[in-house]
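Subject: Two-chain model, handover and findings

Hi,

Here is the model I promised to pass on. Please load it first, then read my notes below.

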Amino acid sequence: MTLFDIVHLIQESESSTALRESQYAFPLLEAFHLLGLAVSFGLILLTDLRLTGLLLKRIPLAELLNQLRYYIFGGFALTFLTGGLLFWAEAETLYANLPFWLKVGCMLLACLNALYFELKWGHRASQWANEAVLPLAATRAGWISLSFWTLATVFGRSIPYYL
Amino acid sequence: MTFVQILGWVQDSYLITQLRGAHHLVIEITEVLHVIGLVSFLAALVLVNLRLLGFGLRSVPHPQIAAAVAPLLWGGLALTVLTGTTLFLSGPVRYFYNSAFIPKMAVLGLALLVQLTLYRKVTRSEQVAPWLAQGSAVLSLSLWLGVGLFGRAIGYV
């Protein structure tokens, strides 16, 4: 069974068809996907701007990392859940969509970067984050995150233009 | 001359016809920038509101947070309004007759009014009654999320 067979089966399923043809569910999912994005990507963006030193220099980084963590996770849970359902509704259509794959690729890289950063630096932020000069690895993680989440949003918004 | 006639005149003007006839990437990039601007603006707003609600960064006084995110807040809003205006001008009559557009503009007007009056006052005062801080945060978040929801609805009605 190829990947195409799987997405074809998904899109042909009853639940996928119902979601795709629904009057309110699909647009509402898109709306909540956007709201989840504003919280998850929004707060990640703020963290990245602080890590890279572009903004918020007077806000203590350790607090930013420690206190925003759960809101970022919450926002991502909403974004991934709604995103997953949106994919379910149009699996086969998205399979043939270039921006979709570029978006998935960027998300994967951004998530790996976040995971590495969290395991290596994030969880013990109070030990290094309030130094005047941040470790190079932390600044680099900020730039990678900033770039790939922005690209994921750019490609995500481009999906409907290439359907 | 009615308002719609004016919009029709704008829609048929040389410049706007050029905009509509331009490469599809022009409108697409404008849409992308519209979302990036919105996310930047909302990110700044969410951070200040989390502090006003007492949910995070409690060791930092809220005027300091509001001042720190101000470039992102106003930069994001400027980008959103600028790209939004461009999108509207690409087909003003079409947008005017879209049943989600007028509600969006109404909520946007209200949100901006609150942002420039109550919100500005609250985020600039060191001492704010907790009920006022929390009330402003809830009002601000609801209004701006409303703008986002009606905005997303424009593509569907």
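In chain B, 79% of the contacts with a separation of 6 or more are between residues 24 or more positions apart. Contact means heavy atoms within 4.5 Å. Chain A also gives 79%, for residues at least 24 apart among contacts between residues at least 6 apart in sequence.

Some ground rules. This is a predicted model, where local features need pLDDT of at least 70, side-chain atom pairs count only at pLDDT 80 or more, and totals for chains, interfaces and linings use all residues. Residues are numbered from 1 along each chain as written, chains are lettered from A and ligands numbered from 1 in written order, and side-chain values use heavy atoms, without hydrogens or water.

**Chains**

Chain A has 8 helices and 0 strands. Chain B has 7 helices and 0 strands. Both elements are DSSP runs numbered from the N terminus: helices are H or I with at least four residues, strands are E with at least two.

The C-alpha trace of chain A spans about 55 × 30 × 25 Å along its principal axes. For chain B the figures are about 55 × 30 × 25 Å.

Of the 163 residues in chain A, 46% are buried. In chain B it is 47% of 157. Buried means under 20% relative accessible area, exposed over 50%, and partly exposed in between, with a 1.4 Å probe and protein chains only.

Chain A has an accessible surface of about 8,500 Å², 69% of it from carbon and sulfur atoms. Chain B exposes about 8,000 Å², with 71% from those atoms. Areas come from the Shrake-Rupley method with a 1.4 Å probe; for residues, only the protein chains shown count as cover.

Charges next. Chain A carries 10 positive and 11 negative charges, with mean positions 19 Å apart. Chain B carries 9 positive and 4 negative, with mean positions 12 Å apart. Lys and Arg count as positive, Asp and Glu as negative; His and the chain ends are not counted. Each charge is placed at NZ of Lys, CZ of Arg, CG of Asp or CD of Glu.

**Leu68(A)**

Leu68(A) sits in helix α4 (residues 61–89) of chain A. It is buried, at 2% relative accessible area. Beyond its neighbours within four places in sequence, Leu68(A) contacts Leu43(A), Thr47(A) and Glu63(A), plus Leu47(B) and Leu50(B).

**Aromatic rings**

The count is 15 aromatic pairs over all chains. Rings of Phe, Tyr and Trp (its six-membered ring) pair if their centres lie within 6.5 Å; planes under 30 degrees apart are stacked, over 60 edge-to-face, the rest tilted.

Phe100(A) and Trp101(A) are edge-to-face, at 5.3 Å centre to centre and 75° between the planes. Phe100(A) is buried at 12%, while Trp101(A) is partly exposed at 39%. Why is the pair of Phe88(B) and Tyr95(B) tilted? Its centres are 6.3 Å apart and its planes stand at 45°, so it counts as tilted. Tyr95(B) is buried, at 14%.

Phe4(A), Phe87(A), Tyr95(A), Phe100(A) and Trp101(A) form one aromatic cluster.

Best wishes
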